Amino acid sequence: MIALKENSSLKAFNTFGIDAKAKYFCTIETEDQLHELINTDLFKNEKRLLLGGGSNILLTKDFDGLVIRNTVKGIEKVSESDEHIHLRVCSGEVWHALVMHCVKNNWGGIENLSLIPGTVGAAPIQNIGAYGVEVGEVIENVNAIRLSDGMMKTFSKDECRFGYRESVFKSELKEKFFISSVTLRLTKKNHQLNIHYGAINDTLMKMNITQPTIQSVSDAVIKIRQEKLPDYTLVGNAGSFFKNTEITAQQFHQLQMRHPAMPHYPAANQQVKIPSAWLIEQCGWKGKKINHVGVHASQALVLVNFGEGKGEEILSLATKIIASVQEKFSITLTPEVNIF
Ligand code: EPU
């Protein structure tokens, strides 16, 4: 039996700490419970929201439907060779706890993704990434359950169609599947440490580390994140609120003439990536506070709820930021966070 709550507060289940309510709310602890739920009239008739850690959503109103929180747990070794280990991880596992488990066992590949909030199941949906690594690089496959009929399907890495903060689960198949587990391919030796993302190398040097290991890279990432990003248990936030911006080379050259200091990085398909945080900072938003919400003082890409903020206030701030970046740079920022 699945316990169902009515008119239930979601405040504890979204990292913005927004006090919106769900018409119906339940927690799924096993895959069998999901299959059971799929067969109910309630599931078939109500609007649905699948929730992992609630770290990438903004609730602007009460949710008029069924919120399903996924806490399905389990980590299983699928296969192992001298060089690699394949781990199947249930989607309700906490992402950072998985990273710590792998770091402790000296399994390499996800150490740069330390301290990212959220669950394992949410990781492939937006292809979480940080400090030069994206989770798609180490994903072997994703197991999912179709919500319309309970059919189970394994998506190969190619079928997941990973891109920058993108996957098939965020586009064509949005809200069509429940991700049940993710299989990761990690290294047991000859680790490919990725320390070229500027801040990691500098931080390792400050930590007096000359021979980095998986553990020290993870420690460095945690240190950088703790310095730059607010802790959602203290100040509500959902990490980067906007995606970084990709523009054409032509657009870039025109903008660069007017803004020679604009930071830029090469992106796929001859596009140029511009840090949206820089665009926002140039428009004067960094550290700004409007009533209960604002822009984080050490990372302009992060919007924050100082306590009693409402989802609409965050959305209104985001809308103002989009308008001013549009006016100054003719660039349209895209939210990274899912807005409901
Ligand atoms: N910058 C500014 N002002 C700021 C912050 C940054 O101008 O307030 C500029 C600087 O030029 C800096 C550049 O932006 O060199 C990049 O900044 P940072 O390394 O902090 O990363 P980001 O591009 O702003 C992305 C991810 C983060 C991830 C970091 C590190 C997105 C949307 N965000 O941010 O992911 O942690 O890189 O890899 O791609 C998240 O998705 O929630 C998240 C936090």
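**View 1. Polar contacts between domain 1 and domain 3.** Between domain 1 and domain 3 there are 5 residue pairs in polar contact, both residues being at pLDDT 80 or more; a polar contact is a pair of N or O atoms within 3.5 Å, where within protein one must be able to donate a hydrogen and the other to accept it, and residues adjacent in sequence count only if both atoms are side-chain atoms. On the side of domain 1 that touches domain 3, the residues divide into 5 nonpolar, 5 polar and 1 charged. The model is predicted, with local features needing pLDDT of at least 70, side-chain atom pairs counting only at pLDDT 80 or more, and totals for chains, interfaces and linings using all residues. Residues are numbered from 1 along each chain as its sequence is written, and side-chain values use heavy atoms, with hydrogens and water left out.

View 2. Contact, meaning heavy atoms within 4.5 Å, involves 11 residues of domain 1 and 18 residues of domain 3. The two domains bury about 1100 Å² between them, 55% of it on carbon and sulfur atoms, buried area being the accessible area (1.4 Å probe) that two parts lose on being put together, summed over both. F16, N56 and L58 supply 56% of the area that domain 1 buries against domain 3, more than any other three residues.

**View 3. The salt bridge of K23 and D64.** The closest N and O atoms of K23 and D64 are 3.7 Å apart, a salt bridge being a side-chain nitrogen of Lys or Arg within 4 Å of a carboxyl oxygen of Asp or Glu. K23 lies in strand β2 (residues 21–28) and D64 in strand β5 (residues 63–70), so the pair ties together parts that are 41 residues apart in sequence; strands are DSSP runs (E, at least two residues), numbered from the N terminus.

Notes. Nonpolar A, V, L, I, M, F, W, Y, C, P; charged D, E, K, R; others polar. Helix = DSSP H or I, 4+ residues; strand = E, 2+ residues; numbered from the N terminus.
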